[in-house]
Amino acid sequence: MLGNIKSVFLTRKKLSPNIYEFKFLLKEPPFINFLPGQYLIILFEKEGETKRKFYSISSSRSEKNQIEFIVKVIESGVGSEYLMNLNEGDDVMLQGPAGLFVLKESKKHKIFIATGTGIAPIFSMIKTHLKGSQNRFVLFWGLRKNEDMYYLDFLRDTAQKYNNFSYGVFLSREEPRKSDNSSIFHGRVNIGIEKLLNEPEIDKRNLEFYVSGDRYIVDSLREYLLTNGISAEDIKLEKFI
């Protein structure tokens, strides 16, 4: 049975037109031990019924007394409405942590593929596991438009700090605006994956893929990887509804 966690709502930050970062302070217990990639459940009452909404943790495991979520706010969505109506200091009941979308302990290189807010659990993995790792970490993040991008400073600074981390942001609906960021591309994430798999020195047997996002896109990306010689046991999925 999942444990109940009492928390307090701290802040809401708008990241893009419909994406928000929500932070909560843990009260009882004052900290939790979660595995990066796992999720928590927010419990709340709506018209006499208990609602449960699942959100992947985007914060580092080292932030034991605070929890962060990245959420796509949907008009008329029950969970979105609840979160957007929270006031600083409101009590919020959580449950968890849970989920199996976590990094394997292996020497294989970690390849992350995210679409939209599927980046949330992957951010947690990168923030927690990159420091001190001998593995290569590569992120391919698929978005639609320039206005959808956020946390670019975090990605750029992380790539500058760690020479085993690289990333590409792929915009499928428009050309990237002119900037000094050479890691933003036009097209789908498949472009980055194909380039990686065609690197002369790459050994496909030494790669693990972590794919997170919209369920239909995730399934499509899994098939793409399988047809390009990646073993099913080296592909882990997190599908968002």
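Modeller: What follows covers a helix, some backbone angles and a pocket.

Modeller: This is a predicted model, where local features need pLDDT of at least 70, side-chain atom pairs count only at pLDDT 80 or more, and totals for chains, interfaces and linings use all residues. Residues are numbered from 1 along each chain as its sequence is written, and side-chain values use heavy atoms, with hydrogens and water left out.

Biologist: Helix α2, then. How many of its residues are buried?

Modeller: Eight of the eleven residues in α2 (residues 119-129) are buried, so the helix is mostly covered. Buried means under 20% relative accessible area, exposed means over 50%, and partly exposed lies in between (1.4 Å probe, protein chains only). Helices (H or I, at least four residues) and strands (E, at least two) are DSSP runs, numbered from the N terminus.

Biologist: Which ones are buried in α2?

Modeller: They are Ile119, Ala120, Pro121, Ile122, Phe123, Ser124, Met125 and Ile126.

Biologist: What is phi at glutamate 47?

Modeller: Phi of glutamate 47 is near 55 degrees, a positive value in a residue other than glycine. Glutamate 47 lies in the loop between β3 and β4 (49-56). Serine 76 also has a positive phi, about 70 degrees, and is placed in the loop between β5 (66-72) and α1 (78-84).

Biologist: Is serine 76 buried or exposed?

Modeller: Serine 76 is exposed, at 69% relative accessible area. Glutamate 47 counts as exposed too, at 77% relative accessibility.

Biologist: And the second largest pocket, how much space lies in it?

Modeller: About 260 Å³. Of its 14 lining residues, the closest to the centre are Phe140, Phe170, Phe185, Gly192 and Lys195. A pocket is an open set of points on a 1 Å grid over the protein atoms alone, where a 1.4 Å probe fits, with protein on both sides within 12 Å along at least five of seven lines; lining residues have an atom within 4 Å of a point. The volume is the space filled by probe spheres set on the points, which are joined across faces, edges and corners.

Biologist: Which elements supply the lining?

Modeller: β8 (137-143), β9 (165-171) and α4 (190-197) each supply at least two residues.
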